[in-house]
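Please read these points with the sequence and the model open beside you.

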Amino acid sequence: MIIDYIKSKDEIITKDFEEDLRVKLNSLGYEVTKTDEVFIAYVTDEKIEYIYNKINSVAIPAGLRYALINEIVAEFLNTQLLAGNIKDVDMDLAIRSIKEGDSDVTFQDSMSSEDKYKALLENLRFKRGVFACYRKLKW
């Protein structure tokens with residue numbers, strides 16, 4: 001289990017969180033293996049610490065749950081892609097455009113499948129201003 005390796009004791013980290021993380025990875029065509037769990041846990045701890053620092057808090061608000069999951073997935077898959085562990089990315093038939101909030105990505109036919117995959121991962125990253133309503137002042 002991924003949550004067994006996560007050092008953070010934030011209340012957002014539950015079995016449901018892990019299940020949502022696995023579902024998101026599966027929906028993007030990646031099957032999590034036992035060897036992936038330690039690295040996913042590391043990325044999770046890293047992103048939790050990043051949020052703590054951004055919002056000046058020691059707990060992650062429930063409203064950032066899916067933003068956190070998307071960021072973990074994007075970081076993990078991008079690392080796997082750069083390491084050469086993801087091969088034969090076929091995005092030609094799967095996705096033509098993505099719209100999420102105020103972000104809109106339309107893939108060009110001239111883009112390679114790998115470039116389309118990278119654009120998809122970039123779209124999962126933290127959006128500008130996502131932390132604004134959760135940020136606390138630090139004196």
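How many of the 18 residues of H3 are buried?

1. The count is 14 of the 18, so H3 is largely enclosed by the rest of the structure. Buried means under 20% relative accessible area, exposed over 50%, and partly exposed in between (1.4 Å probe, protein chains only). Helices (H or I, at least four residues) are DSSP runs, numbered from the N terminus.

2. This is a predicted model: local features need pLDDT of at least 70, side-chain atom pairs count only at pLDDT 80 or more, and totals for chains, interfaces and linings use all residues. Residues are numbered from 1 along each chain as its sequence is written, and side-chain values use heavy atoms, with hydrogens and water left out.

3. Gly84, which follows H3, has a positive phi near 85 degrees.

4. The largest nonpolar core has 33 residues. Such a core is a set of buried Ala, Val, Leu, Ile, Met, Phe, Trp, Tyr and Cys residues joined through side-chain atoms within 4.5 Å. At least two of its residues come from each of H1 (15–27), H2 (36–55), H3 (65–82) and H4 (113–124). H3 gives the most, nine residues.

5. Leu68 is among the core residues that touch the most other members. Leaving out residues up to four places away in sequence, its contacts (heavy atoms within 4.5 Å) include Ile12, Phe17 and Phe126.

6. Asn56 lies in the loop between H2 and H3. Its phi is positive, about 55 degrees, although Asn56 is not a glycine. Asn56 is partly exposed, with a relative accessible area of 29%.
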